[in-house]
Amino acid sequence: MKIRFKSVRRFFVALAVVVSASATSLIAEPLSSPLRGTTPLDEVAPAPLITPLKNSAEREVRNYPEQPPVIPHSTDGYQIDLNSNKCLSCHARARTGESRAPMLSITHFMDREGQFLATVSPRRYFCTQCHVPQHVVRAPVENDFIDIDSLLNAAAPGARR
Amino acid sequence: MTTTDPSSAPHGAPREGRRGFLRELWHVLSRPSSVFSLGALVIAGFVAGVVFWGGFNTALEATNTEKFCTGCHEMRDNVFAELKSTIHFSNRSGVRATCPDCHVPHNWTDKIGRKMQASKEVWGHLFGSIDTPEKFADRRLELALHEWARFKANNSLECRNCHSTESMDVTKQSPRAAVAHSAYLFNGEKTCIDCHKGIAHHLPDMRGVPGWQ
């Protein structure tokens with residue numbers, strides 16, 4: 001009986017040591033996340049600054065063929081609703097001569113049955129559902145995306161594609 | 001008094017009485033004053049002129065403020081609410097274009113002309129021609145067309161009161177803006193409103209408007 005009591009006491013002492021050690025290690029360990037910074041979890045991190053918008057109008061290469069091209073200019077205040085579509089005032093077929101903007105793809109004229117309409121299909125009308133302007137940012141997390149051309153090159157160097 | 005007493009006059013006398021009054025008025029106005037000195041008349045005329053002209057211009061200025069324009073709910077709840085999110089309302093340099101900056105000519109004679117035109121807007125307010133969001137939406141294109149026509153006719157004068165081509169540095173603009181301004185603005189081929197529609201208010205249904213779909 002005495003032995004048993006002693007072991008129970010030893011268990012609790014050990015438990016207390018473990019708990020306090022782990023608690024101090026939680027507090028002591030510096031928190032550092034690329035997204036969160038070093039702010040402790042129970043505090044609100046300062047909001048990051050709004051980064052400048054890319055407004056160079058230089059076309060950006062797509063990372064993969066199906067990627068919707070990104071918008072290389074500011075679209076602040078562009079109205080896209082039932083009444084009007086500011087993007088189309090430059091990118092519509094009939095407007096590209098004057099605006100010198102790229103015409104929106106013919107795929108945007110296609111309805112869901114694959115039929116080509118005379119003008120933009122309603123389901124492709126809201127440009128910013130897929131196309132977005134870009135900000136100049138330093139990526140907070142590392143990106144190990146590999147371009148398909150690099151992959152193919154690695155698999156068969158110098159092969160014709 | 002040279003006129004006859006209207007009450008005792010025979011048939012047709014009121015007309016005669018009015019003519020008599022006009023004749024007497026002309027008689028008084030056309031002759032030099034026998035009561036007031038020339039100095040008093042000049043000073044009184046000057047003071048009255050200051051009061052009336054000052055009062056007129058003060059009233060004119062009072063009706064040329066954001067506060068006055070947004071005094072009726074048609075403006076406050078529709079177009080003014082839309083303006084608030086645009087760069088002409090709040091921006092990095094803290095300059096605001098208020099309603100009259102764009103919608104009332106700054107030049108005096110044109111301003112008076114526009115003010116007289118605006119009496120129709122008072123009529124519209126009294127009879128509620130756009131007093132619901134639905135009514136406003138229905139007439140929005142018509143109203144916008146009026147403003148676009150005015151801007152087109154005066155070569156976007158109200159834009160140019162602040163934005164002049166002379167002080168515009170295209171090298172400070174985005175490449176897109178620089179190309180467009182060089183190709184269409186500086187040679188006078190287009191004026192501001194041709195491209196910059198809907199920058200301060202939401203656009204109406206743009207079907208049929210040139211350059212839009």
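Where in chain B is the place of Ser156(B)? Ser156(B) lies in the loop between α8 and α9 of chain B. The helices named here (H or I, at least four residues) and strands (E, at least two) are DSSP runs, numbered from the N terminus.

This is a predicted model, in which local features need pLDDT of at least 70, side-chain atom pairs count only at pLDDT 80 or more, and totals for chains, interfaces and linings use all residues. Residues are numbered from 1 along each chain as its sequence is written, while chains are lettered from A and ligands numbered from 1 in the order in which they are written.

**Confidence**

The model has an ipTM of 0.74 and a pTM of 0.76. The pLDDT is the predictor's confidence in each residue, from 0 to 100. Its mean over chain A is 85, with 82% of the residues of chain A at 70 or more. Within chain A, the element with the lowest mean pLDDT is helix α1 (residues 2–28), at 61, and the one with the highest is helix α2 (residues 88–91), at 94. For chain B the average is 89, and 92% of the residues score at least 70. Residues 1–10 of chain B have a pLDDT below 50, and beyond near neighbours in sequence this stretch makes 12 contacts in the model. Where pLDDT is low, the predicted coordinates should not be read in detail.

**The two chains**

Chain A has 4 helices and 0 strands, in the order α-α-α-α along the sequence. Chain B has 11 helices and 0 strands.

A residue counts as buried if 20 or more other C-beta atoms lie within 10 Å of its own, as exposed if 12 or fewer do, and as partly exposed in between, with C-beta atoms placed from the backbone. Of the 161 residues in chain A, 8% are buried; of the 213 residues of chain B, 7% are.

Two residues are in contact if their C-beta atoms, placed from the backbone, lie within 7 Å. In chain A, 42% of the contacts with a separation of 6 or more are between residues 24 or more positions apart. In chain B, 49% of the contacts between residues at least 6 apart in sequence join residues at least 24 apart.

The radius of gyration of chain B is 27 Å, whereas a compact globule of 213 residues would have one near 17 Å. This radius is taken over C-alpha atoms, and the globule rule is 2.2 Å times the number of residues to the power 0.38. Along the principal axes, the C-alpha atoms of chain B fill a box of roughly 85 × 45 × 30 Å.

**Core and interface**

A nonpolar core is a set of buried Ala, Val, Leu, Ile, Met, Phe, Trp, Tyr and Cys residues joined through C-beta atoms within 7 Å. The largest one here has 6 residues, namely Cys87(A), Leu88(A), Cys90(A), Leu104(A), Val120(A) and Cys127(A). Leaving out residues up to four places away in sequence, Leu88(A) touches Val120(A) and Gln213(B).

Between the chains, 14 residues of chain A are in contact with 14 residues of chain B. The chain A side comprises 3 nonpolar, 10 polar and 1 charged residues. Here Ala, Val, Leu, Ile, Met, Phe, Trp, Tyr, Cys and Pro count as nonpolar, Asp, Glu, Lys and Arg as charged, and the others, Gly among them, as polar.

Ser174(B) is in the loop between α9 and α10 (175–185) of chain B. Apart from neighbours within four places in sequence, Ser174(B) is in contact with Asn55(A), Ala57(A) and His73(A). Ser174(B) counts as partly exposed because it has 15 C-beta neighbours inside 10 Å.

**Single residues**

Asn155(B) is also placed in a loop, between α8 (133–153) and α9 (157–160) of chain B. Its phi is near 55 degrees, a positive value in a residue other than glycine. Asn155(B) is exposed because 12 other C-beta atoms lie within 10 Å. Ser156(B) has a positive phi near 55 degrees, but Ser156(B) is buried, with 20 other C-beta atoms within 10 Å.

Thr128(A) is in the loop between α3 (96–99) and α4 (148–155) of chain A, and its 12 C-beta neighbours inside 10 Å make it exposed. Asn57(B) belongs to helix α2 (residues 38–62) of chain B and is exposed, with 11 C-beta neighbours inside 10 Å.

| Pair | Apart in sequence | C-alpha to C-alpha |
|---|---|---|
| Thr128(A) and Leu49(A) | 79 residues | 23 Å |
| Asn57(B) and Leu203(B) | 146 residues | 34 Å |
| Ser174(B) and Thr132(B) | 42 residues | 40 Å |
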